[in-house]
Amino acid sequence: MSNRRQRVAIYGTGLFLLGLSIVTLITLLPKLEKVKAVQSHTNQIATGNSWLAASFPVENFQAYTSGFGYRRSATGGNNWEFHSGLDIAAPQGSYIRNWWAGTVIQVGDRNACGTHIVIKSGEWQHTYCHMEGQVETASGHRYFIDRAGGVQIWEGQQIPAGVRIGRVGMTGRTTGPHLHWGLKYSDNYVNPAMVLQAMFSQQQLARSSAPRLTPQQSTVTIDNSKSIQDSGY
Ligand SMILES: [Zn+2]
């Protein structure tokens, strides 16, 4: 592991916090109106102890290497780009797990996101980028396959929460092995870190057998982000 990689890991938390503060700034911009809170729009995710069934999306977690929000372009220069997800570093080949039960609505391998799958769970969409493997077609149906990892996922397939759906790779635009994890709610980007925080706090409370969180406490606010270009992975 190079020095650079270690620095990235150490600064991961800092970047993560930077991402959070940038998102806070975004929510203050006058044009972006707050549209909806999760609790009023989904029967699964926001009420009571509903986050308990959600799975952390990767095994062998190492660090958060890039947070959600605006950042300097990875291609250099003074350009800024919108980073549409959370980068989670893990050793190449580590298994990726489905965050929430849903249906595979897309598999692909031809863009900056690399080999990826998109899963829809109610109003939520979760995207997993830079995976090992590729997309193939049989009898007109598309599927993602990672032969070495023993994973095959078809478009249209139902996937339970916590199931292995692929492995961390370096396909698409990336300089090191990591999972780019993107979340949308009703077509609006959501900061995955907020969702992980809600999950963790609820799962911790459950383990300590403390009283359940109220729906109010587990609310994740969704901001209108439809105008933001899908640029950064
Ligand atoms: Zn990313």
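Visitor: Which residues of α2 are buried?
Guide: This is a predicted model, to be clear. In α2, the buried residues are P192, A193, V195, L196, A198, M199 and Q202.

Visitor: Why might residues three or four places apart point the same way?
Guide: An α-helix has 3.6 residues a turn, so residues at that spacing point the same way.

Visitor: How far apart are the end C-alpha atoms of α2?
Guide: They are 22 Å apart. Helix α2 covers residues 192–207, which is 16 residues. At 1.5 Å a residue the helix should span 22 Å, so the two values agree.

Visitor: What does α2 give to the largest nonpolar core?
Guide: Start with the core itself. It has 42 residues, and those touching the most other members are I88, I96, I117, Y128, I153, I165 and L179. Helix α2 gives the most to this core, with five residues.

Visitor: Take I96. What does it touch?
Guide: Leaving out residues up to four places away in sequence, I96 touches P57, V58, Y128, M131, R164, I165, G166, R167, V168 and L179.

Visitor: P57 is on that list. Where does P57 lie?
Guide: P57 is in the loop between β1 (34–37) and β2 (63–66).

Visitor: Is P57 buried or exposed, and why?
Guide: Buried. P57 has 24 C-beta neighbours inside 10 Å, and the cut-off for buried is 20 or more.

Visitor: What is P57 in contact with?
Guide: Beyond its neighbours within four places in sequence, P57 contacts I88, I96, R97, W99, Y128, L179 and W181. Of these, I88, I96, Y128 and L179 are also among the core residues that touch the most other members.

Visitor: And Y95? What separates the C-alpha atoms of P57 and Y95?
Guide: A separation of 8.7 Å, with the two residues 38 apart along the chain.

Visitor: Step back. How many helices and strands in the chain?
Guide: Two helices and 17 strands. The chain has 233 residues, and 36% of them count as buried.

Visitor: What share of contacts comes from residues 24 or more positions apart?
Guide: Such pairs make up 71% of the contacts with a separation of 6 or more.

Visitor: Now the strands. Why is β8 called largely enclosed?
Guide: Strand β8 spans residues 115–121, and five of its seven residues are buried, so the rest of the structure largely encloses it.

Visitor: How does β7 pair with β8?
Guide: Antiparallel, over five bridges, with β7 at residues 102–108. G108 stands opposite H116 in β8. Their hairpin has six residues between the strands, and G114 there takes a positive phi near 70°.

Visitor: How many bridges join β8 to β9?
Guide: Six, and the two strands run antiparallel, with β9 at residues 124–131. K120 faces Q125 in β9. This hairpin has two residues between its strands, and G122 takes a positive phi near 65°.

Visitor: Different topic. What is the strand order in the open sheet of three strands?
Guide: The order is β10-β11-β12, with antiparallel pairing. Strands β10 (134–138) and β12 (151–154) stand at the edges with a single partner strand each, so one side of each lacks a neighbour in the sheet. From one strand to the next, the twist averages 30°.

Visitor: How many bridges join β10 to β11?
Guide: Five, with β11 at residues 141–146. In that pair, T137 stands opposite R142 in β11.

Key. Residues numbered from 1 in each chain as written. Predicted model: local features only at pLDDT ≥ 70, side-chain atom pairs only at ≥ 80, totals over all residues. Helix = DSSP H or I, 4+ residues; strand = E, 2+ residues; numbered from the N terminus. Buried ≥ 20, exposed ≤ 12 C-beta atoms within 10 Å, placed from the backbone. Contact = placed C-beta atoms within 7 Å. Expected span 1.5 Å × (residues − 1). Pairing = 2+ DSSP bridges. Axes fitted to C-alpha atoms, helices over the stretch in contact; angles between N-to-C directions. Core = buried A, V, L, I, M, F, W, Y, C linked by C-beta atoms within 7 Å.
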